[in-house]
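Please examine the structure shown below.

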Amino acid sequence: MFESLSDRLSGIFDKLTGRGALSENDVNEAMREIRRALIEADVALPVVRSFTDKVRNRAVGAEVVKSVTPGQMVVKIVHDQLIEMLGSDTRTLDLNAPAPVPIMMVGLQGSGKTTTTAKIARRLTQREKRKVLMASLDTRRPAAQEQLKVLGEQNGIDTLPIVEGQGPVEIAKRAMSAARLGGYDVVLLDTAGRIHIDEPLMIEMAEVKAAAQPHEILLVADSLTGQDAVNLAKNFDERVGITGIALTRMDGDGRGGAALSMQAVTGKPVKLIGTGEKSDALEDFHPKRIADRILG
Ligand code: GDP
């Protein structure tokens with residue numbers, strides 16, 4: 001087991017007890033530990049760097065108040081900075097648009113896009129009593145459309161009937177008109193992924209976006225993505241323009257550093273987290289909980 005960051009920092013600062021302000025040398029030593037903790041939590045290196053710079057600026061010269069030890073004080077500065085970067089409140093999906101509200105799901109293959117689509121549909125149906133239509137635009141993987149249909153059947157959610165031979169843009173348009181005709185509140189568009197980001201994928205996403213005019217574009221990403229998280233989020237945001245992030249596999253061993261990395265580079269919030277394979281394993285993103293998890 002890792003020693004928690006708080007314990008490590010307390011160790012460093014124990015010898016300083018009694019001094020008035022934190023010096024640059026004291027803080028630099030602490031920065032090494034903070035950097036190590038962030039890297040262990042899979043925060044991407046450029047984000048680690050900008051994070052530690054911000055913490056250093058806040059910490060050097062800070063007066064240590066009497067009621068806490070210097071170690072506790074640096075932990076608080078780190079924690080506050082994390083919360084500032086992660087956002088201080090929970091965010092929800094923005095459905096504030098004329099019905100049917102299109103939500104486009106994007107991400108790499110295997111990130112959990114289809115599963116998350118069904119989870120969101122289920123939550124909107126059961127909790128918010130919305131009428132939801134799901135459509136799979138993944139014409140590359142033969143089983144993908146069928147997978148969404150099965151999830152729809154299991155959760156009592158309508159899926160757009162499969163028509164062989166249609167491309168993603170045609171399906172998106174058909175989904176929108178079916179939703180209008182059927183009086184649906186929300187349309188979830190589950191797009192195709194790839195193993196890696198490539199040009200054809202980005203072109204396809206742009207075309208689907210133009211056709212469906214989504215109100216939300218959610219990037220679905222595996223929380224265990226590690227150092228690639230920055231590239232992934234940056235690419236999707238620059239090329240498609242995401243409005244939020246859904247992080248999957250938060251039930252795994254990962255410490256959730258990808259949440260910090262992706263938000264830091266895109267400025268777009270993590271809105272939801274996936275915590276299991278089942279259709280009800282979807283939770284709101286609580287910045288404080290993630291901050292605690294990153295700090296260990
Ligand atoms: P897609 O290719 O992006 O559509 O990915 P899928 O939705 O098919 O998910 C790929 C695998 O990840 C499936 O086996 C899912 O059950 C699993 N999965 C998705 N989200 C989660 C999650 O939050 N936690 C866990 N443990 N597994 C997940």
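This is a predicted model: local features need pLDDT of at least 70, side-chain atom pairs count only at pLDDT 80 or more; totals for chains, interfaces and linings use all residues.

The crossing of H4 and H11 is right-handed. Two packed helices are described by the angle between their axes and the distance between the axes. For helix H4, covering residues 70-86, and helix H11, covering residues 287-295, the packing angle is about 130° and the axes lie 9 Å apart. Because angles over 145 degrees count as roughly antiparallel and those from 65 to 115 as roughly perpendicular, H4 is oblique to H11.

The contact itself can be followed residue by residue.

Attention now turns to the empty space. Rolling a probe the size of a water molecule over the atoms shows where such space is left. How many cavities of 30 Å³ or more does a search of the whole structure find? The search finds 1. The largest cavity has a volume of about 80 Å³. It is lined by 13 residues, of which Ala-135, Ser-136, Gln-145, Leu-160 and Ile-162 are the closest to its centre.

Strand E2 (132-136), helix H6 (144-155) and helix H7 (168-182) each contribute at least two residues to the lining of the largest cavity. In terms of class, that lining consists of 8 nonpolar, 3 polar and 2 charged residues.

Definitions and conventions
Residues are numbered from 1 along each chain as its sequence is written. Side-chain values use heavy atoms; hydrogens and water are left out. Axes are lines fitted to C-alpha atoms, for helices over the stretch in contact, and angles run from 0 to 180 degrees between N-to-C directions. Helices (H or I, at least four residues) and strands (E, at least two) are DSSP runs, numbered from the N terminus. Angles under 35 degrees count as roughly parallel, over 145 as roughly antiparallel, 65 to 115 as roughly perpendicular and the rest as oblique. A crossing is left-handed if the near helix is turned anticlockwise from the far one by less than a right angle, and right-handed if clockwise. On a 1 Å grid over the protein atoms alone, a cavity is a set of points where a 1.4 Å probe fits but cannot get out, and a pocket is an open set with protein on both sides within 12 Å along at least five of seven lines; lining residues have an atom within 4 Å of a point. Grid points are joined across faces, edges and corners, and a volume is the space filled by probe spheres set on the points. Ala, Val, Leu, Ile, Met, Phe, Trp, Tyr, Cys and Pro count as nonpolar, Asp, Glu, Lys and Arg as charged, and the others, Gly among them, as polar.
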